[in-house]
Amino acid sequence: MIRLLFIGDVVGRSGRAAVLEQVPILRARWELDFVIVNGENAAGGFGLTESLFEEFLSAGVDAVTLGNHAFDQREALVFIERQPRLIRPVNYPSGTPGRGAAVFENAKGLRLLTVNVMGRIFMDALDDPFAAVKRELALCPLGEKCDAAVIDFHAEASSEKWAFGCFVDGKASLMVGTHTHTPTADHRILSRGTGFITDVGMTGDYDSVIGMEKEEPLRRFTTKIPSGRFEPATGPATLCAVAVEVGPDGLAKAIAPVRIGGLLSPAKPDFWS
Ligand SMILES: [Fe+2]
Ligand SMILES: [Fe+2]
């Protein structure tokens, strides 16, 4: 069995503090094989710097995925080339720095494929996410070239996310939705064995508008005039994640939401002691 934890979009300092505090504890307590974090909002809500990325690795994170904010910190265009554990959406135009998929082996010799991909509904128009992920899964079939496969589908529309789950069902261990910063209650194992959740939620302060201090988003919604910067909210974060137990066939045997700290009601898997 392989134990996976996927942590949703880490927003600003509050979110980072929750990850740095909790990942070492959870790794040990649940004997996790792999921890993946979506880090697209880690640097002040916008992108990721190399020093913050390295802090995540030091805390015990195996891989960091991104999204539409991948390159908000310009340095990411450079350091992503020397950081194989940093993964940006695979369906950016060819020639974009970095990689959209990678396989990592842990100390037990287990191989995890991680793919990051962006949806196209209410998002920037990128290449076809379905065709892109089909290619990656064909290059690295579950049970042959990897023991588990996680797809971070970074998208706005729940319809597109459900469709994507059905598309990869039976070919991945987990399809986890990210980007909306709002956890959904529909975690389940799809009919052919892929663990699924429409959105895992963010790791940040929920006394906010999707992680940001309320003032500026409210001003923009009510007046349509931007008059300040978006700043991450600074209260205690809720760490939002999904826990997945993967069987020897690479498919999900159990999935549960994880919520620790902050404003949301707590949740943890009942299948790990
Ligand atoms: Fe995000
Ligand atoms: Fe996003």
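Before comparing helices I noted that axes are lines fitted to C-alpha atoms, for helices over the stretch in contact, with angles running from 0 to 180 degrees between N-to-C directions. Helices (H or I, at least four residues) and strands (E, at least two) are DSSP runs numbered from the N terminus.

I am working with a predicted model, in which local features need pLDDT of at least 70 and side-chain atom pairs count only at pLDDT 80 or more, while totals for chains, interfaces and linings use all residues. Residues are numbered from 1 along each chain as its sequence is written, chains are lettered from A and ligands numbered from 1 in the order in which they are written, and side-chain values use heavy atoms, with hydrogens and water left out.

**Entry: helix 1 and helix 2**

I looked up how helix 1 and helix 2 sit together: their axes come within 8 Å and cross at roughly 20°. The two are therefore roughly parallel to each other (angles under 35 degrees count as roughly parallel, over 145 as roughly antiparallel, 65 to 115 as roughly perpendicular and the rest as oblique). For contact I used heavy atoms within 4.5 Å. On that basis R16, V19, L20, V23 and P24 in helix 1 meet L52, E55, F56 and A59 in helix 2. By class I find seven nonpolar, no polar and two charged residues there; Ala, Val, Leu, Ile, Met, Phe, Trp, Tyr, Cys and Pro count as nonpolar, Asp, Glu, Lys and Arg as charged, and the others, Gly among them, as polar.

Next I checked burial, where buried means under 20% relative accessible area, exposed over 50%, and partly exposed in between (1.4 Å probe, protein chains only). In helix 2 (residues 50–59), E50, L52, F53, F56 and A59 are buried. Their cover includes helix 1 (12–30), strand 3 (63–65), helix 3 (76–79) and strand 4 (86–87). Just after helix 2, G60 takes a positive phi of about 110°.

**Entry: helix 4 and helix 5**

Helix 4 (residues 129–139) packs with helix 5 (residues 158–168) at an angle of about 25°, and the axes are 11 Å apart. That makes helix 4 roughly parallel to helix 5. On helix 4 the contact uses P129, F130, V133, K134 and L137, and on helix 5 it uses E160, A163, F164, F167 and V168. I sorted these residues into eight nonpolar, no polar and two charged.

Which residues of helix 4 are buried? I list P129, A132, V133, E136 and L137. They cover an arc of only 130° around the axis, which puts them on the same side of helix 4; the arc is that of the directions from the helix axis to the C-beta atoms. The face turned away from the buried side of helix 4 carries the exposed K134, R135, A138 and L139.

For helix 5 I noted E160, K161, F164, G165 and V168 as buried. They span an arc of only 140° around the axis, which puts them on the same side of helix 5. S159 and C166 are exposed on the face of helix 5 turned away from its buried side. Just after helix 5, G170 has a positive phi of about 90°.

H179 has phi near 105° and lies in the loop between strand 8 and strand 9 (188–189). Buried or exposed, I asked of H179? At 13% relative accessibility, H179 counts as buried.

K224 has phi near 65° and lies in the loop between helix 6 (215–223) and strand 11 (239–246). At 65% relative accessibility, K224 counts as exposed.
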